[in-house]
Amino acid sequence: MTIEIKKNTEETIIELVGRLDTTTAPALDKTINEDIAGTKKLILDFSGLEYISSAGLRVLLSAQKKMQKIGAMKVTNVCEAVMEVFEMTGFADILVIE
Amino acid sequence: MRLIIPVLINCILVLGVYLSDKYAPVKKLPYMVKQVIIGILFGGVSAFASSYGVEWLGAVVNVRDAAPLSAGLIFGAPAGIISGCIGGLYRWFSVYWGGGTYTRIACSIATVLAGLMAAGLRKLMFDNKKPTWSYGVCIAVVCEVIHMILIFITNMDNSSQAFEFVKGATWPMMLGNSIAVGASIILVSLFSHEGFFRKKSSEGIANTFQRRLLVCIVVAYLITSTFTLILQNGMAQIETQEVFTVAINDVEKDIRAKSDDREMLNDFVIDVTKNRHVGTDGFIAVLDENLCLVIDDAYENKHVSSIGIKPPEEMLQGKTSTELYYADIVDGVSDVSVEYMYVFKFVEGYCLIAAMPVAEAMFMRDASMLTSIFMQVLIFATLFVFIYILIKRVIINNLKKVNDTLARITQGDLNVIVDVRSNTEFSSLSDDINSTVTTLKRYIAEAAARIDKELEYAKQIQHSALPTNFPENEEFEIYAQMIAAKEVGGDFYDFYKLSDTTVAFLVADVSGKGIPAAMFMMTAKTIIKDLAESGMAVNDIFTKANEKLCQNNESGMFVTAWMGILDLTTGKLQFANAGHNPPLIKRANGDFEYLRLRAGFVLAGMDGVRYRASELVLCPGDRLFLYTDGVPEATNTENKLYGEDRLLDFMNQIASAEATEFLPALKANIDEFVGEAPQFDDITMLMFDYKSKEGGCVRMMNKTFPAKVEALSDVLGFVDQTLEGYGCPMKIQTAICVAIEEVFVNVAHYAYGEGEGDMTLGIGFNDESREITFRMTDNGIPFDPLKKPDPDINLSAEEREIGGLGIFITKKTMDSVTYAYENGTNILTMIKRI
């Protein structure tokens with residue numbers, strides 16, 4: 001999975017391309033915790049993301065919790081398969097999805 | 001004796017030629033080439049013999065005729081003719097370098113005739129084989145007889161010289177030539193291990209007849225010769241007497257006419273007697289009353305004894321005698337004493353003596369006798385040869401024909417007929433032989449018919465021993481046929497249910513065919529069935545059956561077999577192959593293929609062989625075709641085999657036909673291929689159809705992975721690949737992957753604790769129910785992931801727990817998830833319908 005970070009003054013956009021599974025989730029977790037320190041607004045662009053498993057969900061949950069305190073986080077361009085997982089697990093209500 | 005040299009050379013050459021024929025390069029030469037070479041060689045010997053003779057009386061005593069005789073009799077007719085011609089030509093032209101002239105024609109012709117005679121006799125009398133030495137000697141003698149007769153005939157004008165030559169030359173030439181020919185034949189016999197005398201029992205009629213005929217002829221000849229001798233002797237004597245009588249009577253007449261004048265009588269007598277010839281060299285002598293010669297030469301008035309005639313009693317007594325007297329008279333001129341015979345008669349006081357050299361008197365006798373003896377030899381010899389050839393034609397050749405026909409009958413052709421009908425005896429013999437053969441044929445046919453009946457009976461028994469087809473049932477269908485090559489066969493098939501849920505079926509082939517194979521087949525079939533019904537696994541059945549069949553198997557027969565035992569509930573087929581042809585398997589949507597798993601050794605071949613079983617899972621719609629090698633090895637008239645390729649092709653052509661039509665169709669195809677050729681081997685076919693059952697069949701694909709997170713992509717790759725093969729929609733495929741990932745990661749993290757282990761994922765698809773079954777197993781700590789309670793998905797982010805999500809997703813994604821723990825294995829079974 002590739003992680004691309006676009007920072008500007010207001011927000012940070014993280015573009016994910018590939019699969020967010022047990023093996024790749026740690027990389028995203030690291031990025032969110034280290035590389036974007038100080039960001040108030042986090043946008044996760046899932047247009048290239050085709051797959052997500054519970055390991056990915058955990059990372060999203062912890063990111064959501066964190067960002068909720070200091071700013072905001074939203075998830076964009078979610079594909080159908082990923083959306084189904086969000087809905088199945090109730091994450092559709094927890095995350096801000098556009 | 002000079003003659004020994006050519007005799008020796010003849011013998012040596014004969015031996016040389018005979019021995020040289022033992023060598024391959026010489027033996028390989030064509031017949032005519034060899035004959036020409038031999039002919040030339042012996043022609044040379046013949047010429048050599050001409051020059052190496054002994055001169056006598058203006059001609060040469062030689063053994064020229066021996067060479068063509070030897071060549072013709074020992075080696076072959078063409079050689080004889082060629083050497084005879086060469087020898088004869090040489091003799092003809094030899095006058096230019098010193099050969100005798102007056103025997104020229106006779107000798108040349110005789111040599112050529114010798115060659116022809118040898119050739120003719122060899123062909124007609126001796127069946128182109130070398131005669132015995134005794135025959136050789138006799139033929140040489142006859143040849144010389146002809147030679148002498150020819151000399152006589154060609155010198156009729158000079159018969160006395162010819163006679164003298166013949167008288168002296170006959171014995172040496174006969175001896176020389178016969179020794180040469182006889183010794184040559186003996187030498188060859190020695191080197192060919194024949195020996196001189198043959199045993200009585202191995203003689204043919206021909207030889208026996210020859211010998212006896214020869215004895216008769218020789219006896220007849222001796223009798224006639226003796227008779228002729230006596231006759232000729234007597235006649236010669238009479239003739240001489242006649243001559244004497246005539247001469248004396250003439251003189252007597254003259255003297256009586258002039259008897260008056262005594263004075264002149266003496267002179268007259270001298271005159272009269274001087275010119276009187278008695279024969280050629282005889283004379284008339286006149287004696288006076290004192291027995292003194294009345295002659296006008298040196299012997300005048302000498303007593304008669306002075307010329308060598310000792311007066312016999314009767315003469316002294318003055319009596320005329322009619323007897324013949326002998327005296328050695330001295331020739332006044334040459335002083336040589338020659339034996340004379342004489343008679344005397346007293347006429348007018350004179351004693352008239354008529355004398356003739358015995359030789360002259362006897363010449364007539366001897367010449368006639370010699371001629372007639374020679375002619376008799378010739379006539380008897382010719383008679384002998386003709387009679388022999390005739391007997392050969394009439395009896396021996398016909399006997400040979402009968403023998404040859406009988407030989408063909410012995411070789412097995414009972415339909416041959418003896419048909420030699422040259423005379424009543426042979427006709428009768430032919431008819432008797434033919435009717436004997438006919439009677440024998442009838443006996444043979446009757447015996448064969450009896451055997452056939454028994455075989456028919458055996459065939460029925462064997463047929464009823466093979467199972468007929470199974471009653472209709474839903475799980476499977478078996479249809480089988482065994483077509484024996486002879487009345488009874490060595491192939492068999494068998495099938496039986498071992499329990500409600502297992503069925504066994506097999507095909508086997510006993511080595512050989514006919515009754516022995518059929519008997520062994522019944523034994524093998526029974527043994528296998530007994531073992532199968534005792535519940536053994538298929539490889540154990542074969543191992544034990546092999547043991548039993550090896551016992552008491554002195555005939556050394558063996559069996560190839562293929563046996564399968566099918567568990568109807570799982571579709572698991574266990575099978576074993578004991579040296580048998582690979583069966584053909586057709587999967588539900590596929591083609592027939594050969595099931596080539598390594599074959600074990602044949603049954604009953606060797607003690608102690610252990611067999612291995614193999615396994616596969618059958619699915620409904622699958623077909624298994626078992627057969628014996630009579631199918632691929634069916635042979636047509638051009639000795640071509642039906643073959644495995646042709647079988648596979650044809651089977652795929654009729655792949656979906658009902659078993660009851662499939663087998664006949666295949667047999668018809670085989671028959672078409674084989675055509676006119678007879679069926680060579682038993683043909684057995686068995687079709688096993690595994691029918692569809694409720695619930696469909698799950699074909700599982702299994703793969704094992706190490707239980708480590710790093711293997712995740714491999715696991716998901718396997719899933720992706722398999723699901724694509726099932727035509728699973730992309731969305732569902734992704735969801736399934738997530739579900740599998742959750743379970744796998746669980747196992748990877750927790751199943752083996754600190755240690756390591758594997759996880760096996762099995763994926764199966766039921767194309768009827770469209771359900772995909774996932775079966776994940778591991779041997780780790782017993783753990784039921786389903787026990788974990790579902791997380792509350794309605795909590796807010798702050799309240800949400802991190803864990804428990806994975807298995808929740810799995811449960812939500814899959815249609816059914818079940819857990820079992822069996823034999824130390826965690827088994828999680830998930831089903832998704834697509």
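Modeller: Buried means under 20% relative accessible area. Keep in mind that this is a predicted model.

Biologist: Fine. Take T76(A): buried or exposed?

Modeller: Buried. T76(A) has 11% relative accessibility, and the cut-off is under 20%, so T76(A) counts as buried.

Biologist: Where is the place of T76(A)?

Modeller: T76(A) lies in strand 4 of chain A, residues 72–76.

Biologist: And what does T76(A) touch, not counting residues up to four places away in sequence?

Modeller: I43(A), L44(A), D45(A), F46(A) and S47(A), plus E98(A).

Biologist: Zoom out. What pattern does chain A follow along the sequence?

Modeller: Chain A reads β-β-α-β-α-β-α-α. That gives four helices and four strands.

Biologist: How much of chain A counts as buried?

Modeller: 50% of its 98 residues. Chain A exposes about 4,500 Å², with carbon and sulfur atoms supplying 49% of that.

Biologist: What about contacts in chain A between residues at least 6 apart?

Modeller: Of those, 67% join residues at least 24 apart in sequence.

Biologist: Now chain B. How many helices and strands?

Modeller: Chain B has 20 helices and 21 strands. Of its 834 residues, 47% count as buried. Its accessible surface is about 41,900 Å², and 58% of that belongs to carbon and sulfur atoms.

Biologist: Let's do sheets. Which strands form the open sheet in chain B, and in what order?

Modeller: Four strands, in the order 3-6-5-4, with antiparallel pairing. Strand 3 (283–287) and strand 4 (325–330) of chain B are at the edges. Each has a single partner strand, so one side of each has no neighbour in the sheet.

Biologist: What does the twist average?

Modeller: 40° from one strand to the next.

Biologist: How many bridges between strand 5 and strand 6 of chain B?

Modeller: Eight, in the antiparallel sense; strand 5 covers residues 337–347 and strand 6 covers residues 350–357. One pair to look at: Y342(B) has A355(B) in strand 6 as its bridge partner.

Biologist: Which helices pack on that sheet?

Modeller: Helix 9 of chain B, residues 205–257, touches strand 3, strand 5 and strand 6. Its direction makes about 45° with that of strand 5 of chain B. Helix 12 of chain B, residues 358–410, also packs there, touching strand 4, strand 5 and strand 6. The direction of helix 12 makes about 55° with that of strand 6 of chain B.

Biologist: Switch to strand 8 of chain B. Why is it largely enclosed?

Modeller: Six of its seven residues, in the stretch 491–497, are buried, so the rest of the structure largely encloses strand 8 of chain B.

Biologist: What joins strand 8 to strand 9 of chain B?

Modeller: A hairpin, through four residues. Strand 9 covers residues 502–510 of chain B, and the two strands pair in the antiparallel sense over seven bridges. Y493(B) has V507(B) in strand 9 as its bridge partner.

Biologist: Last topic, helix 6 and helix 7 of chain B. At what angle do they pack?

Modeller: About 150°, with the axes 9 Å apart. Over 145 degrees counts as roughly antiparallel, so helix 6 and helix 7 of chain B get that label. The crossing is right-handed.

Biologist: Which residues meet there?

Modeller: From helix 6 of chain B, the set includes I105(B), L113(B), M117(B) and L121(B). Helix 7 of chain B contributes residues including I139(B), C143(B), H147(B) and L150(B).

Methods. Residues numbered from 1 in each chain as written. Chains lettered and ligands numbered in written order. Predicted model: local features only at pLDDT ≥ 70, side-chain atom pairs only at ≥ 80, totals over all residues. Heavy atoms only, no water. Buried < 20%, exposed > 50% of the residue type's maximum accessible area, 1.4 Å probe, protein only. Contact = heavy atoms within 4.5 Å. Areas by Shrake-Rupley, 256 points an atom, 1.4 Å probe, with all protein chains shown as cover. Pairing = 2+ DSSP bridges. Axes fitted to C-alpha atoms, helices over the stretch in contact; angles between N-to-C directions. Parallel < 35°, antiparallel > 145°, perpendicular 65-115°, else oblique. Left-handed = near helix turned anticlockwise from the far one by under 90°.
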